[in-house]
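Here's a quick tour of a protein model, written for someone just getting started. Have a look at the structure first, then read on.

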Amino acid sequence: MTKFSDLNLNPKVLKAIEEAGYESPTPIQAGAIPPALEGRDVLGIAQTGTGKTAGFVLPMITMLARGRARARMPRSLVLCPTRELAAQVAENFDTYTKYVNLTKALLIGGVSFKEQDKLIDKGVDVLIATPGRLLDHFERGKLILSDVKVMVVDEADRMLDMGFIPDIEKIFGFTNPLTRQTLFFSATMAPEIERITNTFLSNPFRIEVARQATTGENIKQGVVMFKASRKDREGSEKRKLLRALIDGEGEKCTNAIIFCNRKSDVDIVAKSLKKYGYDAAPIHGDLDQSQRTRTLDGFRAGDLRFLVASDVAARGLDVPAVSHVFNFDVPSHAEDYVHRIGRTGRAGRDGAAIMICVPRDEKNLADIETLVQNEIPRIESPLGSGSPAPEPEAAPEEKKQPSRSRKSSAPKKSEAKPEETAEPETSAPAAQESARKPAPRGKSNGNGNTPVGMGDHLPSFIALSFEERRAG
Ligand code: AMP
């Protein structure tokens, strides 16, 4: 088995690796580090969870340990599709540069330009950025990219999904192809990605590592086939079913990520869960950075039990111990199913992945089963065979939400432009379900449920229970 000490890494980097507790390189690290250190372009076909981040961070630190950065001319550049991923890469640099003196700057949306400008003006060794934000800085004349010696493109397939490929091509164009080394990572090789690598990589060393087990025995999978009693009740009935599924897992469900296909649903589901006393918070690209960071930190620390997420926001997140993944929607890209359920059952732990499938998603379910080459076991609805009664008042927002899959949406910079406008759930709390979590703050209607978003000026009729209101 290869050892880190066989890889020609800087001894100071080896020391930091040892302190991080890693005993041996993962296959992508053992494969990518030697050619990277020889100065070759590398094409790594690997997804998150394989250790690919250290696969490019470790050789970069070793190579950058010699030399100094000049003002406004970063010596290396890492491009990531999302802010979270960029922040994670930055954390990796912090861990492994413990004994090497390197400067870095993180250029991501939601962080002030001023601070970032200051760092760049001084000169940075490593610039970690999302494409849109990097171009903003470049276009303001604050950056010169011709001195970039190592350029990393991370999660290129996700960049493609998010419409970032033209930006990536532009950025490549600002660097010097004769002096630039490129390390390029993608989970899949779509034709467009192949084209980019053919254009910008020079005789790359290609390494592919097996995808994470999709139907690993340690992940219990299941899907509930569900049809709403009425179309306009689908959302509220699905949310009720979700709560029943969560409850059905009992204490086994220590924490969970709940995936929705649309940002608007991420908000609605998170609000609804909170309303019913579940400890839940949303994460998606339209939320401001400090809120996203706070939510994520809370979830990582175990202070938040349910993270309701969109695919883009959750991509690449490294949360080591997630007991459950709930797919509120069947993902419209089969690949996303693999990424989603890969959040649980990590590092050999047991995990569970439970999905809700409505009739119009059956085609997508079939695509997933083709991809993973397995039938996902059908599980009985915990609400019985009949359709569940909806939440007492169906959320009005559902009637207005257009459905839009990523495929049909125009390329966009999701950091900057909302995919959809989220509308809050405005329905009053349900009476039939008493809160099962710590008593909410603020006014209560006597059932432990508290309407959110109304501050302290809660009209008295809302504070009545549903039955009380119905009774007049
Ligand atoms: P990544 O695929 O880069 O997101 O890494 C996934 C997880 O693997 C992270 O929690 C890393 O800290 C961890 N990791 C990276 N390299 C190693 C290694 N050589 N041995 C054990 N864990 C590692």
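Predicted model: local features only at pLDDT ≥ 70, side-chain atom pairs only at ≥ 80, totals over all residues.

Residues are numbered from 1 along each chain as its sequence is written, and side-chain values use heavy atoms, with hydrogens and water left out.

**The big picture**

- The protein has 16 helices and 13 strands; helices (H or I, at least four residues) and strands (E, at least two) are DSSP runs, numbered from the N terminus.
- Of its 472 residues, 55% count as buried.
- Take contacts (heavy atoms within 4.5 Å) between residues at least 6 apart in sequence: 75% of them join residues at least 24 apart.
- The protein exposes about 20,500 Å², and carbon and sulfur atoms supply 51% of that; such areas come from the Shrake-Rupley method with a 1.4 Å probe, and for residues only the protein chains shown count as cover.

**The nonpolar cores**

- In soluble globular proteins, nonpolar side chains tend to be buried together.
- A nonpolar core here is a set of buried Ala, Val, Leu, Ile, Met, Phe, Trp, Tyr and Cys residues joined through side-chain atoms within 4.5 Å.
- The largest one has 37 residues, and those touching the most other members are Phe-56, Leu-58, Met-60, Val-78, Phe-93, Ile-128 and Leu-183.
- Two or more residues of this core come from each of α1 (11–20), α2 (27–37), α3 (52–64), α4 (83–96), β4 (126–129), β5 (150–153) and β6 (181–186), with α3 giving the largest share, seven residues.
- Leaving aside residues up to four places away in sequence, Leu-58 touches Phe-4, Leu-9, Val-13, Ile-17, Ile-33 and Tyr-96.
- There is also a second, separate core of 32 residues, and among them are Leu-143, Met-151, Ile-168 and Phe-172.

- Helix α6 buries Pro-131, Gly-132, Arg-133, Leu-134, Leu-135 and His-137.
- The cover over these residues of α6 includes β2 (76–79), β3 (104–107), α5 (113–122), β4, α7 and α8.
- In helix α15 (residues 362–372), the buried residues are Asn-364, Leu-365, Ile-368, Glu-369 and Val-372.
- Among the elements covering the buried residues of α15 are β8 (219–225), α14 (334–341) and β13 (351–357).

**Salt bridges**

- Side chains of opposite charge can pair when their charged atoms come close.
- The whole structure holds 27 salt bridges, where a salt bridge is a side-chain nitrogen of Lys or Arg within 4 Å of a carboxyl oxygen of Asp or Glu.
- Glu-139 and Lys-170 form one of them through their side chains (3.8 Å, N to O). Glu-139 is in helix α6 (residues 131–139) and Lys-170 in helix α8 (residues 165–174), so this pair ties together parts 31 residues apart in sequence. Glu-139 is exposed, at 55% relative accessible area, and Lys-170 is partly exposed at 41%.
- Another salt bridge joins the side chains of Arg-158 and Asp-336 (2.8 Å, N to O). Arg-158 is in helix α7 (residues 156–161) and Asp-336 in helix α14, so the parts tied together are 178 residues apart in sequence. Arg-158 is buried at 2% relative accessibility, and Asp-336 is buried at 3%.

- Most residues other than glycine have a negative phi.
- Arg-72 is not a glycine, yet its phi is positive, about 60°. You'll find Arg-72 in the loop between α3 and β2, partly exposed with a relative accessible area of 33%.
- Glu-155 also has a positive phi, near 55°, in a residue other than glycine. Glu-155 sits in the loop between β5 and α7 and counts as buried at 2% relative accessibility.

Key:
Buried < 20%, exposed > 50% of the residue type's maximum accessible area, 1.4 Å probe, protein only.
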